[in-house]
Amino acid sequence: MAAPASYLLCVEPVVDAATRKPTAALRPFVEHYRGYRMEGFPAGVHHGVPSRHLPFMLSFDRPVVTAEGGSRWAFVGGLHDEAATIIHDGNQHGVAVQLTPMGARAILGLPAGELAATVVDLHELLGAYATELYDRAAGASGWDARFDILDDVLTRAARRRLDDPPEPPSEVVRAWRRLVATAGGGEIADLAADVGWSRRHLSEKFRAEVGLTPKVAARVLRFERARHLLSMPTRPGLAAVAVACGYYDQAHFTREWSELAGCTPTRWIADELPSMQDGE
């Protein structure tokens, strides 16, 4: 028997989310697991904005559908410097693995740079482990059970690399860690001098390993910090965020944000909060 319309109008949207660090063996490569479930919201679009993590998603109940026509249940992508437009019906349910660029070799078996500007099905990279991971996680009950499954399958999938992992160039690792620590602050010339390379050589090696040049990576990291501040319950004003994140002024901040997110900060706040990316 169908529920009366008056009842349907009273149903409250559901937001359920959880985060957890991975098992110790995976922590050099994965920062967190993040589960999310949203139900009962208006259909619309979600801005998959740039961040310092590779997009690594398992989507339950329904696939992730992009404006470009892609539709995937489990996928990994490279770092990017523009938003992906995701079309949803008001319901989103899945798990994100916050995989770092420096962890791509150990978990996926290739540098993050080889995934630049692409999105691929997880099965292409992890084979049977991808099928096992998705089927077990989709059928599990509760976030802790799903996170335990991620620990188990990803550790086994990477075990052949964990004992003797292919190492990215130490200079690139040092440059990446400094960029992350400063949230994209500082001059790229100083970064190159710090690792003992020319700016051009650093740019070439960094892009091959990470997928972005140091300059573009710095833009993404500044943007990510700004997004974090705007996602806070007591978020500061746009001018204060611009100053805190090292933009010249609010106009510069709005221009940079629009280029990376595909919309203004005000529009993003209206569209995305609460969203599947909150809670980081």
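How many bridges join β4 to β7, and do these strands run parallel or antiparallel? Three bridges join them, and the two strands run antiparallel. Please keep in mind throughout that this is a predicted model.

Let us stay with strand β4, which covers residues 56–59. Phe56 and Leu58 point one way from the strand, Met57 and Ser59 point the other way, and all of them are buried.

I turn next to a loop residue. Asn91 is placed in the loop between β8 (84–88) and β9 (92–99). Is Asn91 buried or exposed? Its relative accessibility is 19%, and since the limit for buried is under 20%, Asn91 counts as buried. A polar atom of the Asn91 side chain lies 3.0 Å from the backbone nitrogen of Gly40. Leaving aside neighbours within four places in sequence, the residues in contact with Asn91 are Met38, Glu39, Gly40 and Arg62.

We now come to the aromatic residues. The structure holds nine aromatic pairs. One of these is formed by Trp73 and Tyr134 in an edge-to-face arrangement, with 6.3 Å from centre to centre and 75° between the planes. The pair links distant parts of the chain: Trp73 is in the loop between β6 (71–72) and β7, Tyr134 is in helix α4 (residues 128–139), and they are 61 residues apart. Trp73 counts as partly exposed, at 41% relative accessibility, whereas Tyr134 is buried, with a relative accessible area of 15%.

Trp143 and Phe147 provide another case. Their ring centres are 6.4 Å apart and their planes lie at 20°, so this pair is stacked. Both residues are in helix α5 (residues 143–162), and because they are four residues apart, about one helical turn separates them. Trp143 and Phe147 are both buried. Elsewhere, Phe223, Tyr247, Phe253, Trp257 and Trp268 form one aromatic cluster.

My last topic is helix α7. Which residues of α7 (residues 188–195) are buried? They are Ile188, Leu191, Ala192 and Val195. Viewed down the axis of α7, these buried residues fall within an arc of 100°, so they line one face of the helix. Among the elements that cover them are α6 (170–181), α8 (199–210) and α9 (214–231). After α7 comes Gly196, whose phi is positive, near 85°.

Thank you for your attention.

Technical notes:
Residues numbered from 1 in each chain as written. Predicted model: local features only at pLDDT ≥ 70, side-chain atom pairs only at ≥ 80, totals over all residues. Heavy atoms only, no water. Buried < 20%, exposed > 50% of the residue type's maximum accessible area, 1.4 Å probe, protein only. Polar contact = N/O pair within 3.5 Å; in protein donor to acceptor, adjacent residues only side chain to side chain. Contact = heavy atoms within 4.5 Å. Arc of directions from axis to C-beta. Phe/Tyr/Trp six-rings, centres within 6.5 Å; stacked < 30°, edge-to-face > 60°. Pairing = 2+ DSSP bridges.
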